[in-house]
Amino acid sequence: MMKKILTLLLVVLALAVAGCDSGTALPGGGSSNPGTSASPGKAVEQPAPEKIKTVDFTVYRVPKNGNLKLLPEKVHYAIGNKTMAEGALEALVKTEPTSKTMQNLFPAGTVVKGVTVKDGIAYANFNQAFAKKGQGSYNENMMVNAIVATLTELPEIKKVQILVEGKKIATISGHLDLLDPLPRNKTML
């Protein structure tokens, strides 16, 4: 009987001690209790969560059936602080098509390092994984034209220069000349 009373008293004591701080402990030693702050009597202001900017883009996808026509797809993509051109290109590279009739041909590990626009030309800079050899003429042609079609959806872009690690490349797999900026190929749309 004495053990039960002692156990009960310990539980009550533990609850009483725990109830002294009605706030929830947070990492870093803070408290979620708005009444606790460095200045007595004043509530701590919590910053509002930052909204991430999202934009709708038209990206151009590659059909799985081997057709030489790119397929437009609307993509809602979070760009944060990126430019519209960077956001559009990332939306093309990083997202998977919603339709099972389309595919993403970008090699695994492809990263958009940046896009700058000057005098109507978008300089699309990729990492080395983008220039993986052996992609075949269809894949190279469709992937490059998907980039150009997607970026030229933006009114300020008329041509696209593809860069790898900040430098021009002659070709990816020997099928397309990439040394000069490429205009939109309307026959593929």
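The structure is a predicted model, in which local features need pLDDT of at least 70, side-chain atom pairs count only at pLDDT 80 or more, and totals for chains, interfaces and linings use all residues. Residues are numbered from 1 along each chain as its sequence is written, and side-chain values use heavy atoms, with hydrogens and water left out.

The overall layout comes first. The protein chain contains 3 helices and 8 strands, where helices (H or I, at least four residues) and strands (E, at least two) are DSSP runs numbered from the N terminus. Along the sequence, these elements follow the pattern α-β-β-α-β-β-β-α-β-β-β. Of the 189 residues in the protein chain, 36% are buried; here buried means under 20% relative accessible area, exposed means over 50%, and partly exposed lies in between, with a 1.4 Å probe and protein chains only. The accessible surface of the protein chain comes to about 11,800 Å², and 60% of that surface belongs to carbon and sulfur atoms. Accessible areas come from the Shrake-Rupley method with a 1.4 Å probe, and for residues only the protein chains shown count as cover. Contact means heavy atoms within 4.5 Å. Among contacts between residues at least 6 apart in sequence, 58% join residues at least 24 apart.

Next comes a sheet. Three strands form an open sheet in the order β2-β1-β3, with antiparallel pairing. The edge strands, β2 and β3 (102–103), each pair on one side only. Two strands count as paired if DSSP finds at least two bridges between them. Between β1 and β2 there are 8 bridges, and in this pairing tyrosine 60 stands opposite proline 72 in β2. Between β1 and β3 there are 2 bridges, with valine 62 opposite glutamine 103 in β3. Strand β1 is also mostly covered, with 8 of its 10 residues buried.

Helix α2 is mostly covered too, since 9 of its 11 residues are buried. The buried residues of α2 include Ala85, Leu89 and Leu92. Their cover includes β1, β2, β4, β5 and α3.

The nonpolar core can now be described. In soluble globular proteins, nonpolar side chains tend to be buried together. A nonpolar core is a set of buried Ala, Val, Leu, Ile, Met, Phe, Trp, Tyr and Cys residues joined through side-chain atoms within 4.5 Å. The largest such core has 41 residues, and Phe57, Leu89, Phe126, Phe130, Ile147, Leu151 and Val160 touch the most other members. Two or more residues come from each of β1 (54–63), β2 (71–78), α2 (84–94), β4 (112–118), β5 (121–126), α3 (136–151) and β6 (159–164). Helix α3 gives the most to this core, with 8 residues. Leucine 151 touches Ala85, Leu89, Ala122, Ala124, Ile157 and Val160, leaving aside its neighbours within four places in sequence.

A pair of aromatic rings is described by the distance of the centres and the angle of the planes. Rings of Phe, Tyr and Trp (its six-membered ring) pair if their centres lie within 6.5 Å, and planes under 30 degrees apart count as stacked, over 60 as edge-to-face and the rest as tilted. By this rule the count comes to 2 aromatic pairs. The rings of phenylalanine 126 and phenylalanine 130 are stacked, because their centres are 4.1 Å apart and their planes meet at 15°. Phenylalanine 126 is buried at 0% relative accessibility, and phenylalanine 130 is likewise buried at 0%. Ring pairs link Phe106, Phe126 and Phe130 into a cluster.

Two further residues deserve a look. Arginine 61 is found in strand β1 and is buried, with a relative accessible area of 2%. A polar contact is a pair of N or O atoms within 3.5 Å; within protein, one must be able to donate a hydrogen and the other to accept it, and residues adjacent in sequence count only if both atoms are side-chain atoms. The side chain of arginine 61 makes a polar contact of 2.7 Å with the side chain of threonine 95, and reaches the backbone oxygen of leucine 92 at 3.2 Å. Not counting residues up to four places away in sequence, the residues that arginine 61 touches include Leu70, Glu73, Glu96 and Asn104.

Isoleucine 121 lies in strand β5 and counts as buried at 18% relative accessibility. Its C-alpha atom is separated by 6.9 Å from that of glutamine 161, although these residues are 40 apart along the chain. Beyond its neighbours within four places in sequence, isoleucine 121 is in contact with Thr116, Lys159, Gln161 and Pro181.
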